[in-house]
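Please look over the structure below. My notes follow as numbered points.

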Amino acid sequence: MNAIIGHQPPVTRCLILASATLMMLTSLDMLSPFSLYLNWALIIYEWQLWRLVTCFLFFGTFGLSFFWNTYVLLFYCSSLEAVAFHSKSADFLWMLICSAGMLLFLTYFYGNSYFISGAMIDIMTYVWGRRNSTARMQVLFFTVRAPYLPWVLAWISLLMGGNVQDHLMGIAVGHIYYFFEDVYPLLPTSKGFRLFRTPKAWPWLGERWPGL
């Protein structure tokens, strides 16, 4: 286990460890998935706030869905953190927090999703594909250009029983982040404004935990 994830960037490593822990606990019936899913009534009226986090971390019990999502985390999302956010894992974590906020907003008003971990992966692969637009990737038996990667991964996930609405939300949020972080600041009218700029107080994470 350590040989697989020990060399991963810090945020990706934490995501994999957290999802693997939830997978093992639920597979062994030590924890029920019903205590992890996104339920706004329980969050608001019974203060079960952990659901705001666990809905992003649970990829299912021991099975194909869990291992597929872990594979994507290992090979694509870790590359995004290691290359596009090189030595800026705190910025990568801030991107995930902003993206999670947008997904929660969408699910509250427009969706009925219970677990949106797949949508979060779509966000990371979308941003990765846009920032590596000339790359060509081998996915199973297909060779695809990087910008189309999230669509191909979403299609594969749908074949395994995924929710199309979750993938569309993830790709939409990924596009919003990419546009306002990589495109809009370069326009003359933007004056360099970045909607998702990492707060100035955020770097204290890197001072306390050097891995970030």
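**Notes on the model**

1. Helix H3 (40-46) and helix H6 each supply at least two residues of a nonpolar patch. Helices here are DSSP runs of H or I, at least four residues, numbered from the N terminus. H6 gives the most to the patch, with 3 residues. The patch covers about 760 Å² and is made by Ile-44, Tyr-45, Phe-105, Tyr-108, Phe-109 and Tyr-110. Its members have over 30% relative accessible area and no salt bridge, and nonpolar side chains are joined within 5 Å. A salt bridge puts a side-chain nitrogen of Lys or Arg within 4 Å of a carboxyl oxygen of Asp or Glu. Areas come from the Shrake-Rupley method with a 1.4 Å probe.

2. This is a predicted model: local features need pLDDT of at least 70, side-chain atom pairs count only at pLDDT 80 or more, and totals for chains, interfaces and linings use all residues. Residues are numbered from 1 along each chain as its sequence is written, and side-chain values use heavy atoms, without hydrogens and water.

3. Ile-44 sits in helix H3. Ile-44 is partly exposed, with a relative accessible area of 39%. Partly exposed lies between buried (under 20%) and exposed (over 50%).

4. Ser-157 lies in helix H8. Ser-157 is buried, at 13% relative accessible area. Ser-65 is 92 residues from Ser-157 in sequence, but 7.7 Å away in space, C-alpha to C-alpha.

5. Check the confidence. pLDDT is the predictor's confidence in each residue, from 0 to 100. The protein's mean is 82, and 89% of its residues reach 70 or more.

Methods
Buried < 20%, exposed > 50% of the residue type's maximum accessible area, 1.4 Å probe, protein only. Patch = residues over 30% accessible without salt bridge, like charges linked within 9 Å, V, L, I, M, F, W, Y side chains within 5 Å.
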